[in-house]
Amino acid sequence: MNAPVIGWIGLGKMGTPMCEHLLDAGYPLLIFDLNKQAVEACAARGAQPCESIAELGQRADIVISMLPDDSALISVGAQVLNHMAAGKIFADMSTVSPEASATICAAATAGGIDYVCAPVSGSTELARKAMLTVFASGGKPACTALAPIFATFAATCYQVGSAHQARYIKLAINHMVGSTAALMGEALALGRKGDVDWDVLLDVMASSVIASPLVKYKIDTLKARNFTPAFTAAQMRKDMGLVTSAGKQSGVSMPLADRVYNYFQDYAEHSPQNDFFGVLEDVEAQSGLQPLERTTR
């Protein structure tokens, strides 16, 4: 049986390595992005550029999007669905609100197209290593058809429901990720106030009961005070905004989410392209602590 032709929209920091894995696995891949350099680089690996979203929607058996926000999904989703035939699959892997997702789902259903929510968890480094986690919700046949595709860039894929459950899981996890950064900022500032050596403080945290995979992953960059982004403060501000909005829409009391959102609103005002763990810098400043010098670790 021939592999399905995949149409991919969105060649950002996550989309590009994911597409590279698809190409390595031998999938025929159509691509579209407004960034011509990203398109050319992916084409050099064997992907076929499309001149428009309409062309991609007409030619692909399965369309996958990885987009920055709600407005991009609404715009791109409407365009691509207008040119897809009934019976095809549209999977969106972006981090977006359940409301935006529901809008696209309704349009897909009206056109007889199977729509799957499939956000991912993991950094750009995990994308390069094909170790992402995918949460997929939608019709079971469509999720089953997508499973081998997702397996090219994900270590784990969970089928979590038939509607928009994947959106809520993704936002719940990102709430915990953003909150971890803010919590560590406060905890590290407290340790510094107690005159604990910076490296010792981080080493103890990395071997303690609070040492999640995320904490361990960030220890070396925190030691080096290196806030080169794996995920930017501006992106976390956007995601925490989605979390607080989802909480309000669903009637969940989320005072911690509101506080963490405020942290990232403030930090992203002046350092939007720093890694989100750099929120530590604001906590230190508010605590009267001078920044530590960055090292070359």
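Which residues in α8 meet which residues in α12? In this predicted model, where local features need pLDDT of at least 70, side-chain atom pairs count only at pLDDT 80 or more, and totals for chains, interfaces and linings use all residues, His175, Gly178, Ser179, Ala181, Ala182 and Glu186 in α8 meet Leu256, Ala257, Val260, Tyr263 and Phe264 in α12, a contact being heavy atoms within 4.5 Å. Residues are numbered from 1 along each chain as its sequence is written, and side-chain values use heavy atoms, with hydrogens and water left out.

By class, the contact of α8 with α12 has seven nonpolar, three polar and one charged residues, where Ala, Val, Leu, Ile, Met, Phe, Trp, Tyr, Cys and Pro count as nonpolar, Asp, Glu, Lys and Arg as charged, and the others, Gly among them, as polar. Helix α8 (residues 165-193) and helix α12 (residues 255-270) pack at an angle of about 70°, and their axes are 10 Å apart, which makes α8 roughly perpendicular to α12 (65 to 115 degrees). Helices here are DSSP runs of H or I with at least four residues, and strands are runs of E with at least two, numbered from the N terminus.

The largest nonpolar core has 35 residues, and those with the most contacts inside it are Trp8, Met18, Leu29, Met93 and Phe153. Such a core is a set of buried Ala, Val, Leu, Ile, Met, Phe, Trp, Tyr and Cys residues joined through side-chain atoms within 4.5 Å. The elements that give two or more residues to this core include β1 (6-9), α1 (15-24) and β2 (29-32), while α7 gives the most, with five residues. A second, separate core of 32 residues includes Phe227, Tyr267, Ala268 and Leu280.

Two single residues can be set side by side by their relative accessible area, with buried meaning under 20%, exposed over 50% and partly exposed in between (1.4 Å probe, protein chains only).

| Residue | Relative accessible area | Class |
|---|---|---|
| Lys218 | 5% | buried |
| Val209 | 86% | exposed |

Lys218 lies in helix α10 (residues 213-223) and touches Ala230, Asp275, Phe276 and Phe277, not counting residues up to four places away in sequence. Val209, by its position, lies in the loop between α9 (198-206) and α10. From C-alpha to C-alpha, Val209 and Asn262 are 27 Å apart in space, and they are 53 residues apart in sequence.

Methods. Axes are lines fitted to C-alpha atoms, for helices over the stretch in contact, and angles run from 0 to 180 degrees between N-to-C directions. Angles under 35 degrees count as roughly parallel, over 145 as roughly antiparallel, 65 to 115 as roughly perpendicular and the rest as oblique.
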